[in-house]
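Please have the model open while I talk.

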Amino acid sequence: MTKKSLTIASSELSFETGKLAGQATASVVARYGDSVVLATVTVGREDKTKDYFPLSVEYQERLYAGGRIKGSRWLKRERNTDEETLSARLIDRSIRPLFPKEFKNEVQVIVMVLATDTIHDTDILAINAASAALAISPLPWAGPVGATRIGLENGQLVVNPQNGNREGVDLDLVVTCTDTVTPMIEAGANQIPEAQMMEAVKLAFENNQKIVASIQELVKEAGKEKIIIKTKVNTELVSQVQKTIGDKFNEVVEYSSKQEGGAALEALKTSVLEGFEPKDKLEVVGIIEELLGTFIRNNILKKSIRPDGRKLDEIRPLYCEVGVLPRVHGSAIFQRGQTQALTVTTLGAPSLGQSLESAEGESVKRYMHHYNFPPFSTGETGKVGSPKRREIGHGALAERGLAPVIPAESVFPYAIRVVSEIMSSNGSSSMASTCGSTLSLMDAGVPLIAPVAGISIGLVDDVLLTDIIGLEDHYGDMDFKVAGTETGITAIQLDTKVPGLTLAICEEVFARARTARMQIMEKMLATLPKYRDTLSQFAPKISTVQIPVEKIGELIGPGGKNIKKLMADNEVQIDVDDNGSVFVTGVDTDSTNKVLEYLKSMGREIAIGEIFEGVVMNLAAFGAFVNILPGKDGLVHVSRMSTEYVGDPATVVSVGQNVKVWVTEVTPEGKIGLSMLFDENGNPAEKAVEPRQDRPMGSRPYRPSDRSAANRGHDRFNAPRRRY
């Protein structure tokens with residue numbers, strides 16, 4: 001066994017190999033505090049038929065890592081979650097750019113979370129563990145890398161802040177670096193200025209150098225000899241392909257820049273392949289791709305000519321429209337060139353938020369953003385089904401971009417679901433989703449703290465490209481997405497195809513992205529300057545009322561009987577917080593108001609002498625029960641119905657009749673005594689009842705206090721014994 005340790009943010013980070021998973025190509029157990037992960041790397045067969053590197057990355061979180069058993073009564077095994085997929089993408093995007101493009105062996109990286117102390121992040125630890133495993137493996141990989149999370153507490157940047165629920169924090173930045181460049185950045189931020197964000201990136205870079213150095217020490221003692229990739233270029237075949245293509249790339253680029261799907265390129269490949277032997281066709285396809293990439297890059301670098309003819313910092317034509325769909329709560333179209341997103345907002349009761357379960361505990365997310373990328377958006381056919389990793393990642397990015405400007409639940413107590421349907425894609429559909437989501441939320445009447453716009457910046461060598469299209473993304477060096485408000489950045493996602501970026505390029509990207517965001521924001525606000533003042537008539541209305549905490553049990557009832565009946569009778573949704581806050585969600589205003597009145601009455605103290613207009617709910621031999629407030633009935637005894645003798649309450653009142661009553665008594669148990677006796681001025685009165693010949697012997701006016709437990713006991717045990 002070999003082990004290396006260092007101290008990061010006052011906690012020990014260690015890498016150990018040779019203890020677990022001995023049959024994997026390489027394995028490392030990484031520990032940070034009491035959080036532990038196992039990273040394994042396994043190499044499979046070479047597959048030259050693929051035009052991509054067959055790397056798969058899995059991040060698996062076991063609930064036992066946090067001492068938990070899955071809450072479902074029927075399902076106890078863990079299932080892959082979106083959060084695990086996002087963590088796997090962090091690892092993938094950190095390591096993939098460092099493999100040589102000629103390497104085509106299947107590679108699988110699996111990271112298992114074995115223990116978590118809920119203080120030290122396991123996703124950051126997973127990146128570092130995977131880096132260490134790859135570094136000591138024989139794979140041709142240009143690492144190692146180090147990964148660091150940067151937070152912001154009380155205005156100060158913090159390295160690897162304490163773990164927990166990150167929703168609502170001012171900064172959640174993850175940066176992966178080699179000893180010279182940065183291949184991956186992911187961030188969510190509360191409108192952080194570009195200058196401060198750059199400081200955070202630099203701090204992460206400095207911290208990552210310590211991690212890289214420690215892994216390099218591990219490699220010296222436990223590293224295996226690296227596989228050497230030998231590349232052989234068939235210059236004769238390349239020359240033959242060039243002659244066959246001639247100047248046809250001009251036509252391919254012009255067509256493909258306007259319509260994603262590569263129909264012109266596929267047609268060119270087909271025509272070129274006709275002149276070559278079957279054994280050479282696979283290699284010829286690769287040569288065509290290489291030549292096209294070189295053609296596009298040379299035009300940009302030497303002539304400053306982009307595939308669609310734009311300037312290097314020019315944004316494609318913009319189109320915005322809101323309120324495009326009937327009956328939905330909010331909708332918008334955002335289009336930038338050939339990239340078009342239709343985004344729909346739905347509002348719901350607080351209970352419709354998403355419950356999340358992990359080894360660290362349970363939480364609820366009230367703002368959700370989902371992203372769908374159907375095959376027709378690129379003019380292709382394909383399988384339609386559950387979302388792929390890319391769709392999950394793009395949805396999470398757009399969600400992060402908007403989360404800081406979503407109003408607090410105390411201001412806008414709704415669960416919010418936004419869905420972006422990509423209608424057409426030719427570059428940076430995730431940022432189109434972010435822009436469309438802003439418009440859709442504003443159309444729904446969500447009082448956003450500030451509007452958000454997003455843009456993607458590309459790179460060819462050292463030349464930046466604003467608003468990249470599909471060709472520039474495919475043949476370029478990076479896709480650097482930045483979303484934010486006028487105040488600052490709310491989300492970042494950097495993907496590279498080269499080993500990484502220098503800090504100088506990162507700083508330049510932030511400045512370029514801000515300029516582009518403000519141009520897009522101007523177009524968006526010209527379409528809808530402010531969120532709508534009222535919600536859609538089809539959106540549920542949520543009202544909040546506070547009841548005493550001790551009344552929560554009364555509201556819910558045994559087994560939820562009371563609250564379920566209240567919801568069913570009035571067609572509303574009722575959500576109760578432990579602090580006594582009650583949220584009532586309903587479309588019908590009258591039903592909602594009825595429930596609100598009922599809830600308000602639960603916390604109201606009824607005073608003796610108060611006058612009410614009540615409704616007779618039921619009759620008994622001794623009196624009538626009158627409803628004076630929602631959920632509150634009182635008893636009018638026959639002796640308080642009239643100054644005359646009342647033998648049958650039905651001779652005075654009937655069920656459903658409105659009667660005027662006043663409160664004579666409220667017992668500690670909450671029972672209410674009422675009277676229908678008033679003087680000539682309408683004031684409560686206790687008029688003496690004159691004796692009558694037909695009154696039964698021993699009858700007297702009803703007094704609730706006379707029937708107290710103490711008096712009943714006195715009558716029974718202390719009264720004089722009667723003689724018979």
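Tyr371 is buried, at 2% relative accessible area, where buried means under 20%, exposed over 50% and partly exposed in between, with a 1.4 Å probe and protein chains only. This is a predicted model, in which local features need pLDDT of at least 70, side-chain atom pairs count only at pLDDT 80 or more, and totals for chains, interfaces and linings use all residues. Residues are numbered from 1 along each chain as its sequence is written, and side-chain values use heavy atoms, with hydrogens and water left out.

The structure holds 9 aromatic pairs. Rings of Phe, Tyr and Trp (its six-membered ring) pair if their centres lie within 6.5 Å; planes under 30 degrees apart count as stacked, over 60 as edge-to-face and the rest as tilted. Tyr371 is stacked with Phe373, at 6.3 Å centre to centre and 10 degrees between the planes. Phe373 is partly exposed, at 22%.

Next, Phe480 and Phe510 are edge-to-face, 5.8 Å centre to centre with 75 degrees between the planes. Phe480 sits in strand E20 (residues 478–484) and Phe510 in helix H11 (residues 503–527), so this pair ties together parts 30 residues apart in sequence. Helices (H or I, at least four residues) and strands (E, at least two) are DSSP runs, numbered from the N terminus. Phe480 is buried at 0%, and Phe510 is buried at 1%.

There is also an aromatic cluster, formed by Phe53, Phe99, Phe103 and Trp141.
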